[in-house]
Amino acid sequence: MKKTYIRLLAMGLAVLMASSLTGCKKEQSNGGEKTAAAGEKIRVGSKDFTEGLLVSEIYALALEDHGYQAERIFDIAGSSVHTSLVNDEIDLYPEYTGTGLLTVLGMDMITDPQEVYDTVKAEYEKQFQITWLDYSPANDGQGIVITKEVSDRLGIRTLSDLQAHAGEIRFASQGEFDERDDGVPAMNRVYGDFKWKSSKVYDGGLKYEVLGKGEADAAPAYTTEGQLGEKDKFVLLEDDKHVWPPYNLAPVVRDDCLEANPEIAEILNGISADLDTETLTALNAKVDLDKEEYEDVAREYYESIR
């Protein structure tokens, strides 16, 4: 995601401030160790996009509801947030199982959700002393979106269907997706060659406008994008042969923080249990399409499940 200079500066200041904060260590009172009700501080981090901000705010609200002080260290670049956790600049943040597997650990692709989770959970503990709490059903992974009109007309519901009708599809690419190993090349390997009627490169931020205007029929997407909630316009195709790894959302927490405050696990696991892909898509839509503030959307959602 492109950043302005001001946004980068703000992000840098947030991380610098985080490094000076004391978080997630039990303090002493006259009677011994303080409890969460006494205001233990937990530093909650977030990545720098809508979904990351939303979920981190939900985590913070849940912690505050149980007596903790939530110090919000938000808007950290995706390339830096894991390092911030390892370096004790934040105590926890929401991460994706596929990101942990492929980007952080640099391991080979696995497509079974439980196996991916078990792998990252074991390796993070061994390498970083970081715990993956329960993962949610919500999966923000790679996908392909098609217009509902074309989906209905050609009977396209899956990537297998799309491959069979590729010669009738105008594909709105984002350039690198055509070349990336987990993009069209991966689709070709698993499903057979996608020989599009045409393929033209568009900016990723314009794809739904392009599809909505009828200038293209299908495009790469992430599976919780807010526009996918407009089911009268767009259809997210099923990856029926599992070409892409899962990106299930889960809290990752420093071991020392969790040992000092074990209640955190139950609090955040409760959030994960309720978050599914459809719910996350709807929350993203309220911010990105309806232009509501992410703090308001997060609070409304949390109040509905508490």
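A residue is called buried when its relative accessible area is under 20%, exposed when it is over 50%, and partly exposed in between (1.4 Å probe, protein chains only). By that definition G52 is buried, because its relative accessible area is 5%. The structure described here is a predicted model, in which local features need pLDDT of at least 70 and side-chain atom pairs count only at pLDDT 80 or more, while totals for chains, interfaces and linings use all residues. Residues are numbered from 1 along each chain as its sequence is written, and side-chain values use heavy atoms, with hydrogens and water left out.

**Overall description**

- The protein holds 13 helices and 12 strands; these elements are DSSP runs (helices H or I, at least four residues; strands E, at least two), numbered from the N terminus.
- Of the 306 residues in the protein, 50% are buried.
- The accessible surface amounts to about 14200 Å², and carbon and sulfur atoms account for 49% of that area; accessible areas come from the Shrake-Rupley method with a 1.4 Å probe, and for residues only the protein chains shown count as cover.
- Where contacts (heavy atoms within 4.5 Å) link residues at least 6 apart in sequence, 74% of them join residues at least 24 apart.

**Confidence of the prediction**

- The average pLDDT, the predictor's confidence in each residue on a scale from 0 to 100, is 89 for the protein, and 87% of the residues score at least 70.
- Residues 1–21 have a pLDDT below 50, and the model gives this stretch 23 contacts beyond near neighbours in sequence.
- Residues 26–38 likewise stay under 50 in pLDDT, with 17 contacts beyond four places in sequence.

- Strand 12 spans residues 249–254 and is mostly covered, with six of its six residues buried.
- L249, P251 and V253 point one way from this strand, whereas A250, V252 and R254 point the other way.
- Strand 5 (residues 92–96) runs antiparallel to strand 12 and is joined to it by five bridges; two strands pair if DSSP finds at least two bridges between them.
- Within that pairing, Y93 has V252 of strand 12 as its bridge partner.
- Strand 6 (residues 130–132) is also antiparallel to strand 12, with three bridges between them, and I130 stands opposite R254.

**T131 in strand 6**

- T131 is located in strand 6 and counts as buried because its relative accessibility is 14%.
- The side chains of T131 and D255 are joined by a polar contact of 2.6 Å; a polar contact is a pair of N or O atoms within 3.5 Å, where within protein one must be able to donate a hydrogen and the other to accept it, and residues adjacent in sequence count only if both atoms are side-chain atoms.
- Leaving aside residues up to four places away in sequence, T131 touches K121, E125, P251, V252, V253, D255 and L258.

- Strand 3 (residues 41–47) and strand 4 (residues 69–76) run parallel and are joined by six bridges, with K47 standing opposite I76.
- Together with helix 2 (residues 50–65), strands 3 and 4 make a right-handed β-α-β unit; a crossover is right-handed if, with the strands pointing away from the viewer, the path from the first strand over the helix to the second runs clockwise.
- G52 belongs to helix 2, and it touches S46, K47 and P94, not counting residues up to four places away in sequence.
- G52 and E95 are 43 residues apart along the chain, and their C-alpha atoms are separated by 8.5 Å.

- In helix 11 (residues 263–274), the buried residues are I264, A265, I267, L268, N269, I271 and S272.
- These buried residues pack against strand 3, helix 2, strand 5, strand 12, helix 10 (255–260) and helix 13 (294–305).
- A285 lies in helix 12 (residues 277–288) and is buried, with a relative accessible area of 12%.
- A285 touches G226 and D290, not counting residues up to four places away in sequence.
- From C-alpha to C-alpha, A285 and V297 are 10.0 Å apart in space, and they are 12 residues apart in sequence.

**Loop residues with positive phi**

- D88, in the loop between helix 3 (81–86) and strand 5, has a phi near 65°, a positive value in a residue other than glycine.
- D88 is partly exposed, with a relative accessible area of 26%.
- H242, in the loop between strand 11 (234–236) and strand 12, has a positive phi of about 60° although it is not a glycine.
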